[in-house]
Amino acid sequence: MTSRLQHRFVDDARSQAILSGIISEDADFSQLVTAAQQAALTLRLGEIERISSTGVREWILFMRAVATSPHPVTLVEVAPTLVRQLNMIDGFGGSATIASVVLPYYCDSCGKEHAQVLPLTPGEPRNIAENRPCPHCGEQAEFDDLPASYLAFLDGA
Amino acid sequence: MVAGAPPFRRLRSPWQTAPSTVHKGWPHVSETRAPSVALVSTEPDRCIRRVREALPPPADVRVAPVDQLASLPPRTAVVVDARDLPRPSLLVAAKRAVDHPDRTLFLVPAAQSESLTEELASAGGLRHVLAEPVRPLDLHLTLRRVCGAEPFPVQAYLPATPFAEHALAGVHDRPGALQQVERAAEDHGLPGRLTELALTVAEELITNALYNAPVSPGGDPLYRHLSRAEPLPDPVRPPGRFEVGCDGATLVIAVRDAFGSLLAHRIPDDLRRMVQPRGHRVVDGAGGAGLGLVMAYHSVEHLHIDLVPGRSTQVIGIIGLTGGFRRFARAGHSFNLFIGEGP
């Protein structure tokens with residue numbers, strides 16, 4: 001079965017990888033587990049489109065596997081679909097550090113979406129702007145989720 | 001027109017269609033006696049007209065004090081308007097739902113739908129919840145069924161909209177069915193986040209129909225233990241059926257299997273788990289992750305399950321499409337679980 005999840009390392013040291021596509025039962029994280037055992041690993045997750053229930057399990061198994069590494073794992077640009085899982089599923093973030101998340105915006109005027117990255121720097125405020133200028137038409141785009149609960153997973157961290 | 005302001009005024013939608021014009025074309029809907037409904041509400045005026053108009057005449061719709069619920073005839077449908085209902089009254093209604101789950105419908109405000117639904121599900125008898133403001137057609141279809149009407153085809157949720165169909169006999173059928181969802185999303189210019197919801201519910205329901213539903217003639221699960229990364233050893237016979245329809249304002253997905261293997265004795269626990277807003281855990285080991293129905297429920301505004309034990313299961317997922325994901329997130333979740341009589 002061909003995996004619907006792709007990853008590519010962005011440096012020779014294999015310290016950063018970009019994941020894209022769909023996390024499902026066929027996701028293969030073995031290369032990423034190996035990389036995490038050898039050095040600190042940063043996973044860029046902004047291009048993940050969706051995750052299935054069996055993908056949730058594969059991801060949690062992946063998080064458990066990298067938790068045994070002496071090196072830290074950092075998740076950046078966590079896509080909204082994964083933020084939903086962080087809020088719903090116990091142990092979804094494992095012991096990884098979540099350094100930033102993607103904030104989704106939707107413009108009612110032109111019907112297009114765009115994204116902003118919100119850094120989650122410890123000790124700094126995590127403000128979600130409810131509106132931002134739409135880069136496509138210039139009108140006000142609205143944050144396309146519930147600001148009060150989008151980062152609820154941080155409260156339980 | 002139906003009483004109460006329709007939630008979506010900008011687009012013409014079948015949800016705004018008067019029920020009397022909607023149900024004319026369903027030969028499957030056939031109550032044998034006039035529906036009898038008791039309404040429990042602190043402000044009955046705000047919904048009694050909607051309830052009356054949602055039912056075919058001569059429906060008998062009366063306001064009932066909560067302390068009379070226990071003495072109502074079992075066939076009487078009870079509609080509990082949970083908005084502002086004092087807690088002791090809500091608990092009495094929840095008790096009625098335990099005794100007559102098929103005939104009790106709760107209307108909960110969207111803003112409190114998570115907490116109220118979770119609490120009512122914990123009481124053990126919850127089968128029907130509609131998050132307010134409920135779309136007129138949704139109320140109409142649910143009330144008809146709660147009052148005893150026969151199951152209706154999925155097209156009842158989107159009359160006059162063509163549905164694409166796909167047979168489900170093996171994992172190889174899944175990509176084709178998902179492509180039908182993608183095509184509907186593209187045709188109607190759906191935002192990416194709503195498309196993701198539609199694909200999620202489709203994939204979870206299809207996977208359930210292929211791996212969880214098939215049982216042997218003796219009722220033993222055939223493929224439930226298999227890794228979802230493995231193809232099925234044999235085609236599912238009889239095959240399931242996938243359907244998707246979209247009119248630009250609402251997207252409806254239905255998956256039907258010919259087994260009806262959802263276990264009735266597990267239903268209260270499964271529903272309690274399904275409606276939990278957070279704190280879900282995966283099931284380790286081979287087989288499914290135990291989250292399929294959970295993810296389906298949280299990816300739709302309305303999940304409608306029709307179970308005929310030993311015969312069939314049809315799960316319908318409905319997503320409103322106006323206003324982006326934010327409106328979806330605010331809309332709350334509705335569900336129905338109808339259990340028919342098996343062979």
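How much area do chain A and chain B bury between them, and what share of it is on carbon and sulfur atoms? I get about 2900 Å², with 49% on carbon and sulfur atoms. Buried area here is the accessible area (1.4 Å probe) that two parts lose on being put together, summed over both.

Ground rules first. This is a predicted model, where local features need pLDDT of at least 70, side-chain atom pairs count only at pLDDT 80 or more, and totals for chains, interfaces and linings use all residues. Residues are numbered from 1 along each chain as its sequence is written, chains are lettered from A and ligands numbered from 1 in the order in which they are written, and side-chain values use heavy atoms, with hydrogens and water left out.

**Entry: interface**

I looked up the contacts (heavy atoms within 4.5 Å). On chain A, 33 residues touch 40 residues of chain B. I then looked up salt bridges, each a side-chain nitrogen of Lys or Arg within 4 Å of a carboxyl oxygen of Asp or Glu. The rule finds eight across the interface of chain A and chain B. Over all chains the structure holds 26.

**Entry: two pairs across the chains**

I took A:Arg64 and B:Asp284. Their side chains form a salt bridge at 3.2 Å, N to O. A:Arg64 sits in helix H2 (residues 53-67) of chain A, and B:Asp284 in the loop between helix H8 (267-275) and helix H9 (292-298) of chain B. Helices (H or I, at least four residues) and strands (E, at least two) are DSSP runs, numbered from the N terminus.

Are these two buried or exposed? I needed the cut-offs: buried is under 20% relative accessible area, exposed over 50%, partly exposed in between (1.4 Å probe, protein chains only). A:Arg64 has 42% and is partly exposed. B:Asp284 has 45% and is partly exposed too.

Next I took A:Glu130 and B:Arg326. The closest N and O atoms of this salt bridge are 2.9 Å apart. The pair joins two chains, because A:Glu130 lies in the loop between strand S7 (113-119) and strand S8 (131-133) of chain A and B:Arg326 in helix H10 (residues 324-331) of chain B. A:Glu130 is partly exposed at 40%. B:Arg326 is buried at 5%.

I noted the general point: side chains of opposite charge can pair when their charged atoms come close.

**Entry: a network in chain B**

Which residues are linked in a network of salt bridges? I list B:Glu43, B:Arg46, B:Arg50, B:Asp81, B:Arg83, B:Asp84 and B:Glu132. I checked one pair in chain B, B:Asp81 with B:Arg83, and got 3.0 Å, N to O. Both B:Asp81 and B:Arg83 are buried.

**Entry: chain B overall**

Chain B has 10 helices and 11 strands. Of its 343 residues, 58% count as buried. I also checked contacts in chain B with a separation of 6 or more: residues 24 or more positions apart account for 71% of them.

Helix H5 (residues 136-146) of chain B is largely enclosed by the rest of the structure, because 11 of its 11 residues are buried. After H5(B) comes B:Gly148, with a positive phi near 110°.

**Entry: cavities**

A cavity is a set of points, on a 1 Å grid over the protein atoms alone, where a 1.4 Å probe fits but cannot get out; lining residues have an atom within 4 Å of a point. Grid points are joined across faces, edges and corners, and a volume is the space filled by probe spheres set on the points.

How many cavities of 30 Å³ or more does the whole structure hold? I find three.

Residues of both chains line it, among them A:Arg84, A:Met88, B:Glu196 and B:His298. Helix H3 (80-88) of chain A, and helix H7 (192-212) and H9 of chain B, each supply at least two lining residues. H3(A) gives the most, with four.

I sorted the lining by class: Ala, Val, Leu, Ile, Met, Phe, Trp, Tyr, Cys and Pro are nonpolar, Asp, Glu, Lys and Arg charged, and the others, Gly among them, polar. The largest cavity has three nonpolar, five polar and two charged lining residues.

The second largest cavity has about 40 Å³. Its lining includes B:Leu262, B:Ile305 and B:Leu337. H8(B) gives the most there, with three residues. By class I get six nonpolar, no polar and one charged.

Notes: On a 1 Å grid over the protein atoms alone, a cavity is a set of points where a 1.4 Å probe fits but cannot get out, and a pocket is an open set with protein on both sides within 12 Å along at least five of seven lines; lining residues have an atom within 4 Å of a point.
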